[in-house]
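Dear colleague,

I am handing over the structure that we spoke about, and below it I have written out what was found in it. Please read the notes with the structure open beside them.

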Amino acid sequence: MTTLLRPEDAHERLRRAGLATRIDAAAFAAACDAERAGAPLDAEIALSALASIYGARGPSEASAPDGAFVVDERAASDPKVLAAVWLAFERWLERAIPVSVATDLDELVSYAGDLCFLRRHAGAAGEAPSLFSIDGWRPRDDTPFTLYALRRDGEPLYALGVPVEFHVHPDTEAAAAGIFRVDGLTDSYREHAPACEVCREALRSAAARGVLPDEFRPLLG
């Protein structure tokens, strides 16, 4: 059952999730009124109101302080939007990201999610963020959008009452757990493994058991 909200309650929920931290209550309430067009306010419409203030073309002055950004379906392939997202990920993660993944939003998000996951796998769980996303829909012009957020703790996002996705490529997650799939070597794992003792040991063990796929063997050194 849909939970109906007051604008001030929806605003507070978002703030507890680290979102809308630079947006005042009056501006958010006005955005809610514009998005719902007389309909009851629920979590989905509140998210759409947030997206209308953040903007839907990547990191903005309103969203960047929250380590978040929104991209709508119409902007996802725009080179300017991709460049803004690429630069934001490099700045936030303090890591160069290959140009080869920066020409497609899905690939860029997948790579950034892997970077976050592998940092936590390498022992920086208390410091490294994870990449989450929430899909939304803008009713006033019938446009899907996605909110992306870097968070050390994803629980406040899940508490918003909308579906939340945690980003890591399945093959990267499997390899980090010592499960090496044929054709499952991702660029992020290839870059990570040589400097990770846990991964090197897992690779050596798989090789000794004769179950290491050929594409992983160069990582043995």
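In which sense do β2 and β4 pair, and over how many bridges? They pair in the antiparallel sense, over 5 bridges, where two strands count as paired if DSSP finds at least two bridges between them. Within this pairing, Ala 68 stands opposite Ala 149 in β4. Strand β1, which covers residues 57-58, is also joined to β2, by 2 bridges and in an antiparallel way, and here Gly 58 stands opposite Val 70 of β2.

Before going further, please keep in mind that this is a predicted model, in which local features need pLDDT of at least 70 and side-chain atom pairs count only at pLDDT 80 or more, while totals for chains, interfaces and linings use all residues. Residues are numbered from 1 along each chain as its sequence is written, and side-chain values use heavy atoms, with hydrogens and water left out.

The chain as a whole has 9 helices and 5 strands; these are DSSP runs numbered from the N terminus, with helices being H or I of at least four residues and strands E of at least two. From the N terminus on, the order of the elements is α-α-α-β-β-α-α-β-β-α-β-α-α-α. Taken along the principal axes, the C-alpha atoms fill a box of roughly 65 × 35 × 30 Å. Of the 221 residues, 46% count as buried, a word that stands for under 20% relative accessible area, as against exposed for over 50% and partly exposed in between, with a 1.4 Å probe and protein chains only.

Strand β2 is mostly covered, since 5 of its 5 residues are buried. In a regular strand the side chains alternate between the two faces of the sheet. In β2 both faces are covered, with Ala 68, Val 70 and Asp 72 buried on one side and Phe 69 and Val 71 buried on the other.

On a 1 Å grid over the protein atoms alone, a cavity is a set of points where a 1.4 Å probe fits but cannot get out, a pocket is an open set with protein on both sides within 12 Å along at least five of seven lines, and lining residues have an atom within 4 Å of a point. Grid points are joined across faces, edges and corners, and a volume is the space filled by probe spheres set on the points.

The largest pocket holds about 360 Å³ of space. It is lined by 25 residues, and the closest to its centre are Leu 105, Asp 106, Val 109, Thr 146 and Tyr 148. Two or more lining residues come from each of β2 (68-72), α5 (105-124), β3 (130-138), β4 (143-151) and β5 (165-166). By class, this lining has 11 nonpolar, 8 polar and 6 charged residues, where Ala, Val, Leu, Ile, Met, Phe, Trp, Tyr, Cys and Pro count as nonpolar, Asp, Glu, Lys and Arg as charged, and the others, Gly among them, as polar.

The second largest pocket has a volume of about 220 Å³, and its lining residues include Trp 92, Arg 119 and Arg 152.

With best wishes
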